Amino acid sequence: MAHIKPVIIIDEGERSDVFASTLLDEPTDAHPDSHRWWVLLAVVGSVFCAGLTVTILTVAVDDIGKDFNVSRAIASLVVTAPFTFRAVFIPAFGRITDRYGRRRVWLWGFGVSTLASFACAFAPNVGSLVALRAVSAIAGAAVLPSSLAL
């Protein structure tokens with residue numbers, strides 16, 4: 001049975017090699033089918049967690065304001081600031097993903113985002129919470145283009 005393997009050329013300008021993505025590859029010994037399901041589960045889980053975090057924080061804005069004794073406008077930065085950072089860094093990480101590899105960038109983004117999100121639980125004030133959320137969003141911006149490519 002013949003497999004269709006379309007090649008998409010992304011960039012030939014700066015580097016001599018051609019970035020290409022192949023679809024419908026045959027499973028090899030290095031990547032058996034069972035590993036592909038684990039990769040799919042991890043990628044879908046990471047994208048789901050990004051959306052879930054936004055939903056939880058949107059509901060918790062009032063409680064965040066009360067806990068840190070700040071106005072609702074300041075507390076809403078915990079939700080809105082990461083959107084700005086994510087939007088700014090997604091195109092850059094798309095290019096970085098092409099250059100350094102999908103897996104490496106996804107692993108870095110997922111790891112840093114997870115650590116920054118964990119550190120948010122121990123933020124002593126709203127400023128550090130916003131800063132940690134920004135770090136998490138920048139790392140999350142690395143996850144999104146990589147997950148689409150994986």
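Predicted model: local features only at pLDDT ≥ 70, side-chain atom pairs only at ≥ 80, totals over all residues.

Reply: A helix is here a DSSP run of H or I with at least four residues, and helices are numbered from the N terminus. In helix α5, W106 and F110 are four residues apart and therefore separated by about one helical turn.

Helix α4 spans residues 77–100, and helix α5 spans residues 102–120. Their axes come within 7 Å and cross at roughly 130 degrees. On the α4 side, the contact is made by F93, I96, T97 and Y100; on the α5 side, R102, R104, V105 and W108 take part. Sorted by class, this contact has five nonpolar residues, one polar residue and two charged residues.

A pair of aromatic rings is described by two quantities, the distance of the centres and the angle of the planes. Ring centres must lie within 6.5 Å for a pair to be counted, and the count comes to four aromatic pairs. One of them joins F89 and F93: the ring centres are 6.4 Å apart and the planes stand at 45 degrees, so this pair is tilted. Both residues lie in helix α4, four residues apart, about one turn of the helix. As to accessibility, buried means under 20% relative accessible area and exposed means over 50%. F89, at 29%, therefore counts as partly exposed, whereas F93, with a relative accessible area of 9%, is buried.

The rings of W106 and F110 also form a pair, with centres 5.1 Å apart. Their planes stand at 5 degrees, so the pair is stacked; the limit for that label is under 30 degrees. W106 has a relative accessible area of 8% and is therefore buried, while F110, at 34% relative accessibility, counts as partly exposed.

F89, F93 and W108 form one aromatic cluster. Of its members, F93 on α4 and W108 on α5 also belong to the contact between the two helices.

Definitions and conventions: Residues numbered from 1 in each chain as written. Heavy atoms only, no water. Axes fitted to C-alpha atoms, helices over the stretch in contact; angles between N-to-C directions. Contact = heavy atoms within 4.5 Å. Nonpolar A, V, L, I, M, F, W, Y, C, P; charged D, E, K, R; others polar. Phe/Tyr/Trp six-rings, centres within 6.5 Å; stacked < 30°, edge-to-face > 60°. Buried < 20%, exposed > 50% of the residue type's maximum accessible area, 1.4 Å probe, protein only.
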